[in-house]
Amino acid sequence: MTSLPLEGIRVLDLTQVYAGPACTRILAELGAEVIKVEGPLRLDITRILIFTDNEGLDMPHERACYFSVRNAGKKSITLELNHPKGVEMARGLIAQSDVLAEAFSPRVMKNFGLDYESVRQVKPDIIMLSMSGYGQEGPYADYGAYGMGLEPASGISEITGYRGGPPIRSGLSFTDPVTAFLGAGAVLMALRHRQRTGQGQYIDLSEHEGAIPLIAAHLMDYVMNGRIAGRLGNRSPWAAPQGCYRCRGDDRWLVISIQDDEEWSAFCRAVDHPEWEEDERFADVLGRHEHHDELDELIEEWTREQDHLEAFHLLQRAGVKAGPVFDGKDILLDPHFKERHHFDIVEHPLLGRRPINRQLVANFDRFEASVPGPAPLFGQHNKEVFQGLLGLSDEELAELEQENVIGPGPITEIPPELWSEFLKLPFEQFLEMGALRAIEPDYKQQLGLED
Amino acid sequence: MPEGALSDIRVIDLSRGIAGPYCTKLLADYGAEVIKVEPPGEGDPARRLGPFPNDLPHSERSGLFLHLNTNKKSVTLDVSTTSGAVILKRLLARADVLVESHPVGQMAEWGLGYDDLKGDFPNLVYVSITPFGQTGPYREYQANSLVAMAMSAVMYATGDPDKEPLTTGGTPADYLAGEQCWLGVLAALIHRDREGQGQHVDVSMAEAAASVDEYNAAMYAFGGAIRRRYYSHHVYSYPMDILPCKDGYVVVIAGAGGFPSLATVGTASPMALLLENLELDQHPLFSSMGDRMVRWQEVDEILRPYLESHTAREIVETAQALRMPFAYVPTVADLLADEHLKARGFFVEAEHPEAGNLTYPGPPFRMSETPFRVGRAPLLGEHNEETLVGELGYEKEDLTILRDRDII
């Protein structure tokens, strides 16, 4: 194993929430030093999402799962960019950074005096990545944008949904990770270009646009045929039968996808229903598309009696594409994901050992791009960064803290009960509504995290 | 004309379908020379996937293929034959990257596995993209996007609570795998720039799909909660939903400041202003996020009259002016006509000899110094002569022999 490809690369990271932090986490997994900047009075909002893990506990903002996952392996500094001294310090840090990442609305960096033109004065070969909802220019440029609005805005939700039903959003902000991947790749390309030519550059990444290529087949159908395809549920024009079928047990499901005659024949034999293969309705590909509803009924009669994992292995071994529908717990316990180190166990000073999924999943022969460490505490690296890079003395730091230019602000003074009272989610009611499957207090034991 | 970011890189692309070709499209669109090696005769199976103009299948007119293979060259070569493998190796001698998507073990069977090639090509970045990766108990299992989404922990949390889990529309896992593969290529190239060595990069589509899991696994790992699907709702706020309006659907997101809070004391909340009913600020549901999430049907009833009597455009424009991040739910037709995307010049046109002039999605991001290239997909074997004769120095007569034996 040799050194990581981005060792020695410094990223100043002004991003918050999901897309930006996931992007810079990829750079951290590749060895970059990522310095996350939060305002002393304005912390990353994901620090104060109250889930069961930080409810009512001391320093809840250091325990939030969402924050802990997105920011694993970064350094944290606090810096008030609405204060001239804060901007001056940011400039000092930019001068010693290779990459500046930000995900504010387009006008914000300009207001700080940290737009690309200004930043270049400080560091001519800086690579600046701006991730925004709708890009830096254009009629929607100033629109507020949340990840959950951008998936629909990119056209993905319009093609997601049950047949005959309304458009549905994915169970997460789908465009955020897409933006993260694209942003990280753009930075990697820009770093290579800088290495070759000495030239930095500016990258305008619109979350909205970045996700549109994912629905290209639908776009091209409209371009070519003027057709707007309807929502297909789990079906596909490229396979039939294809669907998600109920299995034995509580809310257990298996997806199955059968493309051609060979797979159909293999399927019928594997599930011990040779008579389906004889059935004229299903004899060829077109028949299986036409009689999809009847097939779904027959298949589900079989799957209902099956354990979803056993059926998964049975079908895959017979050469049929199938997969169990994993919930958030299943994937953590799955032997395949485990063997491939999809989750790294990371030790956090307050949270202990926790599995965190890799953001970059490519496996490399010559280096291990794993989750590089726990998420930082709020302002944990102030002293290290401000003294190490800006050469500030203890007295200067104390003064800056007094002025709220740096420092933890009033956040640690809020009693945890108060945090929770305002921000607690009604988990018991979520269970009742069916928005949660379970809350398992012994989860650490089940995950083998207890020491 | 500025050079592309990857103008010094040559890629030999044996991948097929969507995931691998999307990876090499990202490389090609940003300047790499990508030589797509297709099986003689039918070529990349994606050439057989629709949509086709007027629904008439034609190997040069697949909308999907045309999109996925812009800016690439096409060479036909049967790499499973000894003679084909010889030509492939001559191509590799002049290449930086090999991308392949064959089943695990297939390349090795042809004598073209990474271990077979690394001695001769120590600088080669060799990238394999497969359903479950090169290792692990499921490595020989098959998957498509649906299977990968099922196992990602995302699908379980997508859909209605009383129905089956639902995949995200299209074939998203293919594209996610392509993007992860692209990251793998770039990271390995930077490593090679520094250390002077190539390597094998192993990408799994199932893991690529799982890498987008925002917090379904994390909610269990950090608190033992197992999240289920629950319409289009978000886990920490309501309304964050796709709701019907006068002319279709609209994304309703109150955002951090939409409802009454300490910040809005003494003024009307943006949500009350939007709904043109300031008394709503006194409504108990307006003051409790937890209650809104649990009693969301009542929230919908409050919203319904306004939404049903206004168009998506009216709603989004008014809400955005009130600083609430509402959004559209466009169809593909809406996207192509969208004024913002037009003003940004997002969609691009390219002329193709068989498919004509078509509109394609443009740059997924814009680089100031090394811009995205607009181009078209190659015809099957279009670059045989240029590559084999021009680059590798074969005689034109050799091509006749190779074609006769179905090698090219």
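**Tyr231(B) and its surroundings**

Tyr231(B) counts as partly exposed, because 15 C-beta neighbours lie inside 10 Å. This is a predicted model, so local features are treated here only where pLDDT is at least 70. The phi of Tyr231(B) is positive, about 55°, although the residue is not a glycine. Its place is the loop between S7 and S8 of chain B.

The peptide bond from Tyr238(B) to Pro239(B) is cis, with omega near 0°. Strand S8 itself covers 240-245.

What is the strand order of the open sheet in chain B? The three strands run S8-S9-S10, and the pairing is antiparallel. S8 and S10 (327-328) are the edge strands, each pairing on one side only. Strand S9 (residues 248-253) is joined to S10(B) by two bridges, with the two strands running antiparallel. In that pair, Val250(B) faces Tyr328(B) of S10(B).

Helix H13 (residues 312-321) of chain B packs on this sheet and touches S8, S9 and S10. The direction of H13 makes about 15° with that of S9(B). Helix H12 (residues 296-308) of chain B lies across S8 and S9. H12 runs at about 45° to S8(B).

**From the sheet to the core**

The largest nonpolar core has 265 residues. Among its members that touch the most others are Val250(B), Leu27(B), Val127(B), Cys181(B), Val185(B) and Ala209(B). Helix H7 (residues 172-195) of chain B gives the largest share of this core, 13 residues. In soluble globular proteins, nonpolar side chains tend to be buried together.

Leu27(B) shows how one such member is set. Leaving out residues up to four places away in sequence, Leu27(B) touches Leu6(B), Val11(B), Ala32(B), Val34(B), Trp182(B) and Val185(B). Of these, Val185(B) is itself among the core residues that touch the most other members.

**Other loops in chain B**

Ala153(B) sits in the loop between helix H6 (145-150) and H7 of chain B. Is Ala153(B) buried or exposed? Ala153(B) counts as buried, because 34 C-beta neighbours lie inside 10 Å. Tyr231(B) has 15 such neighbours and is classed as partly exposed.

Pro51(B) is in the loop between strand S2 (33-38) and helix H2 (63-68) of chain B.

**A contact across the sequence**

Thr387(B) is part of helix H16 (residues 384-391) of chain B. Thr387(B) counts as buried, because it has 23 C-beta neighbours inside 10 Å. Setting aside neighbours within four places in sequence, the contacts of Thr387(B) are Ile35(B), Lys73(B), Val75(B) and Leu392(B). Thr387(B) and Lys73(B) are 314 residues apart along the chain, yet their C-alpha atoms are separated by 9.0 Å.

**The chain as a whole**

Chain B has 17 helices and 13 strands. Its C-alpha trace spans about 85 × 50 × 40 Å along the principal axes. Of its 408 residues, 58% are buried. Of the contacts in chain B with a separation of 6 or more, 68% link residues 24 or more positions apart.

**The partner chain**

How many residues of chain A are in contact with chain B? The count is 140, against 134 residues of chain B. Helix H7 (residues 175-197) of chain A brings the largest share of the side of chain A that touches chain B, 14 residues. By type, that side of chain A divides into 82 nonpolar, 35 polar and 23 charged residues.

Strand pairing also crosses between the chains. Strand S12 (residues 363-364) of chain A is joined by two bridges to strand S6 (residues 199-204) of chain B. These two strands run antiparallel. Phe364(A) stands opposite Val201(B) in S6(B).

Chain A is divided into domain 1 (10-213 + 340-444) and domain 2 (242-327). The C-alpha centres of these two domains of chain A lie 42 Å apart.

Terms used. Residues numbered from 1 in each chain as written. Chains lettered and ligands numbered in written order. Predicted model: local features only at pLDDT ≥ 70, side-chain atom pairs only at ≥ 80, totals over all residues. Contact = placed C-beta atoms within 7 Å. Helix = DSSP H or I, 4+ residues; strand = E, 2+ residues; numbered from the N terminus. Nonpolar A, V, L, I, M, F, W, Y, C, P; charged D, E, K, R; others polar. Pairing = 2+ DSSP bridges. Axes fitted to C-alpha atoms, helices over the stretch in contact; angles between N-to-C directions. Buried ≥ 20, exposed ≤ 12 C-beta atoms within 10 Å, placed from the backbone. Core = buried A, V, L, I, M, F, W, Y, C linked by C-beta atoms within 7 Å. Domains from an automatic or database assignment.
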